[in-house]
Amino acid sequence: MEQMSLFDMGSSGWKGEGLHASDPLASRLRPETLEEFVGQKHLVGKGKVLRRLIDQDSICSMIFWGPPGVGKTTLARIIAGRTRAEFIDFSAVTSGIKEIRQVMQQAEQLRLTGRRTIVFVDEIHRFNKAQQDAFLPFVEKGSIILIGATTENPSFEVNSALLSRCKVFVLQALSEEDITELLHHALTAKSGYGGQKIEIPEEVLRAAAVFANGDARTALNTLEMMVLNGEILPDGTIRITEETLEQCTSRRSLLYDKKGEEHYNLISALHKSMRNTDPDAAVYWLARMLEAGEDPLYVARRLIRFASEDVGIADSSALTVAVSAYQACHFIGMPECGVNLTHAVVYLSMAPKSNALYRAYEDCREDAAGMLAEPVPLQIRNAPTSLMEDLHYGEGYVYAHSTPEKVAAMQCLPDSLKGRRYYLPTDEGEEKKVKEKLERILNWKREQEQKK
C-alpha cells in the first residue's frame, strides 16, 4: 500500500531530492522551510500562534481550512520536517477504513518506540462519519498527530468529536503580492527557470498573479504554460507577452487590478446599472469583472448588500436570490457560476427598488452613535431576579401576543427619541403593503396614547 511505504521515508522522505526538470514547476518549487513558505503570515509569521507551536515542537492535531493552492499540504510537510516526525500523506479520495486502520496500527507501533507520526489527510471532508471515527481513538491516545486539510467549513464537514480534538487554522487565499513574489522566485530559482533567459513584462506577470486568484498552484502552472508557449528568440531568450497569457488562460486578462481604481469603477458601474433597472448594462459590467479575473464571491457579496440596500422589502425574495447565488458560486466556482451571478444580477435589476432599509439604518446609526448611554425603557428590560423586579424592571410590559391586535401601545424607544421615525417605507412593490400596515399600527398607537 502506498501509504505504508511512506513510513520508510522518514521526516525527510518528502523533500525535493530526486525531482527532475521535467517535473511540474509547482513540484520543483515546493518550499521545504517556513522561511521559503509564501503567505499565511497571520499563522506562521514570527511570534504567531502556529509558528510558536512549530518552533517549540509542541504541535497538536489540527485542521487547515482554506481555498485550493494556498499551501495546506506544503505547510503540513514543513511541520513534519521541522518537528522530526514521520509523515504520511493520506488521501481521503482513495482510502477506506481498512487502509486507515492499517496505517494507524503502524503509527501505534512507532509511538511505542518513541517516534511520532504526522498523518496528513487531504480533503478530509470527503471522508464519511465512519471513516473519520476510525481516526478518533488514535488521536485521543496520541498515536498520531492528525493534520486534515479541507476547502469546506469543518464545522459542517468534520465530525464534532474529531473536530473538538483538533485546532482549526484558517488559511487565506494568497494576495496578489504573494503570488507575484512567488512568480519572481520561479523565474530566478535554480529549481525553476533561473538557468533560462525569459523576457516577461512586469504587467503580464502581475496579470498572471491576478488570474491565479490566490491559488499558488494555478499561478505556477500558468507561468509554466507561458514559458512553454513563449516566442523563442535567436539568442535563446523566451519572450512572453500579454497575448501569450491570453492564449494560455483561454481568456483576456485585461490587466485587471483588484485593488486599483478600475476595480472600484467596475463594481460601481454594476451597482448603479442594477439600481437604474438596466439589466443589459448590469450583465455587461458583471462579465467585464469576471472575465478580468475578479473573485465571483466578491461580486456575490456585493449583490447580497444590494438586495437589502436598494431593493429591501419591496421584494424580500431578492435577498434569497442573492444569497443563493453566493452559495452557488461557493459550490461550483468559475466559470460555471457566471450564469448564477447573471441570474441574480438580472433579478435584482428588474426588482422594485427601495432604499428605505438603508436610510433607516444610516439615520439610526447616527443617533445610536451619539446616544450610546441612553437607558433602555423599564418596561422592556428583562427582570430575571427579584432585585430587578423591585427596581421596576419589566413593569408595564405588555405581551403583544396576548392582545387582540397582536401589538401593544408600549414605548420601546428611549424617552429622548420618543416618536422618532427611522423606517419610512415606500410605495414600491411589496413594501406598499408594509407601509399601509405600519400606518395603521401607528395611528392605532396614537389613539391609545390619547386615551391615557
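## Exercises on cores, rings and salt bridges

The largest nonpolar core has 28 residues, and I179, L183, L223 and M226 have the most contacts inside it. The model is a predicted one.

**Exercise 1.** Find which elements give two or more residues to this core.

*Solution.* Start with the helices: α10 (176–188), α11 (202–212), α12 (216–229) and α13 (242–249) each give two or more residues. Next, pick L183 and skip its neighbours within four places in sequence; L183 is then in contact with L205, A208, A209, A219, L220 and L223. Finally, look for a second, separate core: it has 27 residues, including M289, A307, A344 and A351.

**Exercise 2.** Decide whether the rings of F127 and F135 are stacked, edge-to-face or tilted.

*Solution.* First take the distance: the ring centres are 5.8 Å apart, and a pair needs centres within 6.5 Å. Then take the angle: the planes stand at 50 degrees, so the pair is tilted. Both F127 and F135 are buried.

**Exercise 3.** Work out where the partners of the R51–E35 salt bridge lie, and whether each is buried or exposed.

*Solution.* The side chains meet at 3.2 Å, N to O. R51 is in helix α4 (residues 49–55), while E35 is in the loop between α2 (25–28) and α3 (41–44), 16 residues apart. Buried means under 20% relative accessible area and exposed over 50%. R51, at 6%, is therefore buried, whereas E35, at 55%, counts as exposed.

Definitions and conventions
Residues numbered from 1 in each chain as written. Predicted model: local features only at pLDDT ≥ 70, side-chain atom pairs only at ≥ 80, totals over all residues. Heavy atoms only, no water. Core = buried A, V, L, I, M, F, W, Y, C linked by side-chain atoms within 4.5 Å. Buried < 20%, exposed > 50% of the residue type's maximum accessible area, 1.4 Å probe, protein only. Helix = DSSP H or I, 4+ residues; strand = E, 2+ residues; numbered from the N terminus. Contact = heavy atoms within 4.5 Å. Phe/Tyr/Trp six-rings, centres within 6.5 Å; stacked < 30°, edge-to-face > 60°. Salt bridge = Lys/Arg side-chain N within 4 Å of Asp/Glu carboxyl O.
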